[in-house]
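Please have a look at the sequence and the model before I start.

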Amino acid sequence: MAYLNDNYLKLKAGYLFPEIGRRVKAFCEANPEAAKRLIRCGIGDVTEPLPPAVIAQMHKAVDEMASRETFHGYGPEQGYEWLRAAIAKNDFRDRGLDVADDEIFVSDGSKCDCGSILDILGDKNKIAISDPVYPVYVDTNVMAGHTGPANDAGAYGKIVYLPCRASNGFIPEPPKRHVDLIYLCSPNNPTGAVANRPQLEAWVKYALEHKAIILFDAAYEAYISPDASGIPHSIYEIPGARECAIEFRSFSKNGGFTGVRCAFTVVPKSLNAFTKAGEAKPLHPLWSRRMTTKFNGASYIVQRAAEALYSAEGKAQVKSLIEHYLGNAEVLRKGAKKAGLKVFGGQNAPYIWVRTPKGVTSWQAFDKILGEANVVITPGSGFGSKGEGYFRISAFNSRANAEEVARRLPELKW
Ligand code: MLT
């Protein structure tokens with residue numbers, strides 16, 4: 001008899017985005033005319049083409065693969081040295097942050113890294129997760145058996161939920177109780193909130209005092225406007241973070257790599273976790289061991305593509321992509337406000353977090369906006385119980401679509 005992983009049976013419903021996809025497909029099949037004017041602002045998937053610098057570099061890399069002399073087979077599991085060096089220099093050292101090339105681990109996506117990191121962390125950790133939250137943090141802990149079953153509200157036993165509400169600006173405060181692992185995401189998915197320096201300082205202080213580890217998801221870092229002062233781009237801007245934090249970054253939302261797949265994780269060599277006997281051990285060699293055993297590296301072509309994002313042209317092209325999506329966010333914010341809705345986020349972030357009208361649940365708002373405006377949004381309750389009464393609009397779209405959504409939203413009669 002082969003046994004399954006019972007933990008999977010604890011998972012509530014399907015993963016949020018496939019579930020939305022199923023509902024939208026059913027709606028389109030039943031309403032072919034409405035389907036023609038459908039605009040998708042649900043999943044945060046980029047819409048604009050890859051930067052020309054990336055395309056040029058990918059073509060070159062493909063050509064290299066065509067010749068025995070320049071062909072590349074397996075690469076280093078942690079990433080090619082030239083990419084790790086470009087990342088560490090441009091994203092960290094040039095900003096005065098102490099991150100070494102070999103503390104960068106290149107992968108095929110941040111979602112995978114956020115889940116895989118649990119391989120090297122123990123199963124007795126008390127885990128703190130924001131509510132609402134990117135569902136991957138919760139579901140991967142459920143799969144790994146770190147939680148109890150879910151209650152009727154969908155909250156899993158053993159997880160310490162950190163409520164994010166308008167009253168705390170959707171940024172969680174450190175809890176009064178002890179936790180060992182803390183997931184933080186800034187700029188935040190789904191709320192679009194950004195943590196400022198004092199807020200992150202409080203978390204680093206807490207983590208150091210509790211010998212806890214912060215899993216810091218900075219996938220949307222590029223959306224922090226250059227004029228936004230006091231908003232850290234990296235957790236390593238906070239003194240002490242090298243002793244208590246792992247940072248996840250992605251090329252999906254800056255370089256438009258959702259379909260290319262490349263990301264990286266920073267594991268400082270000074271970061272320790274503890275054995276059951278209480279002995280401190282560095283996590284860096286464990287993550288390296290994990291990567292060499294379970295991963296064969298992102299492809300050569302993809303890593304060359306990522307390297308192109310750090311060229312002068314690449315940086316300028318990323319900047320204009322970000323400006324495009326942030327411009328959409330502004331258009332959508334204005335549209336939702338004009339509709340009389342209360343709007344959060346969408347500044348320094350590509351997500352707009354919108355309060356539903358009084359008495360309307362997140363899924364009711366989803367159905368109404370889909371059915372009447374033919375726009376797909378994401379129901380806030382899909383991100384956690386504290387997301388109930390909200391919905392998220394993604395700014396990843398063409399400008400014309402963003403403008404059309406901003407025009408349609410105020411036409412809805414609630
Ligand atoms: C989202 O819509 O929340 C994101 O696309 C999810 C992701 O990046 O995996």
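What follows is a description of this chain, from its overall dimensions down to individual residues.

Let me begin with the ground rules: this is a predicted model, in which local features need pLDDT of at least 70 and side-chain atom pairs count only at pLDDT 80 or more, whereas totals for chains, interfaces and linings use all residues. Residues are numbered from 1 along each chain as its sequence is written, and side-chain values use heavy atoms, with hydrogens and water left out.

On the overall fold, the protein chain holds twelve helices and 15 strands, where helices (H or I, at least four residues) and strands (E, at least two) are DSSP runs numbered from the N terminus. The radius of gyration of the protein chain is 21 Å, which agrees with the value near 22 Å that a compact globule of 414 residues would have; the radius is taken over C-alpha atoms, and the globule rule is 2.2 Å times the number of residues to the power 0.38. Along its principal axes, the C-alpha trace spans about 60 × 55 × 55 Å.

As for burial, 55% of the 414 residues count as buried, and here buried means under 20% relative accessible area, exposed means over 50%, and partly exposed is in between, with a 1.4 Å probe and protein chains only. The accessible surface of the protein chain comes to about 18,100 Å², and 53% of that belongs to carbon and sulfur atoms; these areas come from the Shrake-Rupley method with a 1.4 Å probe, and for residues only the protein chains shown count as cover. If we take contacts (heavy atoms within 4.5 Å) between residues at least 6 apart in sequence, 73% of them join residues at least 24 apart.

Now to the strands, and to strand 3 in particular. How many of the five residues of strand 3 are buried? Five of the five are, with I127, I129 and D131 pointing one way and A128 and S130 the other. In general terms, the side chains of a regular strand alternate between the two faces of the sheet. Strand 3 pairs with strand 4 in the parallel sense over five bridges, pairing being counted if DSSP finds at least two bridges between two strands, and the bridge partner of D131 in strand 4 is P163.

P132 lies in the loop between strand 3 (127–131) and helix 6 (135–143). A cis bond is also found from N189 to P190, where omega is near 20 degrees, and P190 sits in the loop between strand 5 (181–185) and helix 7 (197–210).

K158, in the loop between helix 6 and strand 4 (159–163), has phi near 80 degrees, a positive value in a residue other than glycine, and K158 counts as exposed because its relative accessible area is 53%. K211, in the loop between helix 7 and strand 6 (213–217), has a positive phi near 50 degrees, and with a relative accessible area of 57% K211 is likewise exposed.

Strand 12 (residues 351–355) and strand 15 (residues 390–394) pair over five antiparallel bridges, and Y351 has S394 as its bridge partner in strand 15.

Finally, helix 8. Which residues outside its sequence neighbourhood does S288 touch? Leaving aside neighbours within four places in sequence, S288 is in contact with Q78 and F105; S288 and F105 are 183 residues apart in sequence, yet 7.9 Å apart in space, C-alpha to C-alpha. S288 lies in helix 8 (residues 284–294), and counts as buried because its relative accessibility is 16%. R290 is found in helix 8 too, is buried at 15% relative accessibility, and, with neighbours within four places again left aside, is in contact with S116, D119, I120 and F295.
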